[in-house]
Amino acid sequence: QDAWGSGGGWGGCEDPKVTYMEDENTVYMTYVANNGWGPQRVALTSISKKDFLAKKWNWKKSKLISRPNQINKSAVILPKKINGKYAIFHRVFPDILVDYVDDLEFKNDKFLEPKFKIPARINKWDSRKASIGATPIETPEGRLTIYHAVDNKDDGKYKIGAMILKKDEPHVVLARTDHPILSP
């Protein structure tokens, strides 16, 4: 079988992102699960706010929430539901995908099924692939979203950019930086 390296290693976890859901008193963490021999997948776990603050690491058993045999990375959950649904950003090369789900149980072989995408842009600094960074922040203008991307000229150097997403439809980009705001 083929080995699947990522992040400088051949298995393990990478890219953890935490979201606090205030109305649930729960901290959710998504991360990339890499078993070393198959495609990287998005995993999800959670812990109560009380245990988190007390440093009682009673994380729930992790579950894989992205499809088998598909590389899926860089997931983050919005901290507020949109029309009663959880919004989850993730990446299947090369685009940022947005999925809306009723719950975070992912039972009975249910996986992320994105209906929307925020595409990589041709001839821009984010032309090769893009991923959401930290949890988007709600502002009066929309959801401020920091993301990282690479271009087709130098795919070994990630750069950082920003987007404003529509509050009630976070798959809609209202504004996006034409140039990176931080680069190596």
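**A quick chat about the fold**

Me: How much of the protein chain counts as buried?
Reply: This is a predicted model. In it, 46% of the 184 residues count as buried.

Me: What elements make up the protein chain?
Reply: There are 13 strands and 1 helix. From the N terminus, the order is β-β-β-α-β-β-β-β-β-β-β-β-β-β. The radius of gyration is 16 Å, close to the 16 Å from the globule rule for 184 residues, so the chain is as compact as a globular protein of that length.

Me: And what does the C-alpha trace span?
Reply: About 50 × 45 × 30 Å along its principal axes.

Me: OK, the inside. How many residues are in the largest nonpolar core?
Reply: It has 16 residues. Those with the most contacts inside it are Phe89, Ile96, Ile118, Ile132, Tyr147 and Met163.

Me: Which elements give two or more residues to this core?
Reply: Strands E6 (86-92), E7 (95-101), E9 (129-132), E11 (142-150) and E12 (159-165). E7 supplies the largest share, 3 residues.

Me: What is Phe89 in contact with, leaving aside neighbours within four places in sequence?
Reply: Its partners include Ser74, Val76, Ile96, Ile118, Ile132, Pro136 and Leu165.

Me: What other core lies apart from the largest one?
Reply: One of 13 residues. Val42, Leu44, Tyr86 and Phe106 are among them.

Note on methods
Residues are numbered from 1 along each chain as its sequence is written. This is a predicted model: local features need pLDDT of at least 70, side-chain atom pairs count only at pLDDT 80 or more; totals for chains, interfaces and linings use all residues. Side-chain values use heavy atoms; hydrogens and water are left out. Helices (H or I, at least four residues) and strands (E, at least two) are DSSP runs, numbered from the N terminus. The radius of gyration is taken over C-alpha atoms; the globule rule is 2.2 Å times the number of residues to the power 0.38. Buried means under 20% relative accessible area, exposed over 50%, partly exposed in between (1.4 Å probe, protein chains only). A nonpolar core is a set of buried Ala, Val, Leu, Ile, Met, Phe, Trp, Tyr and Cys residues joined through side-chain atoms within 4.5 Å. Contact means heavy atoms within 4.5 Å.
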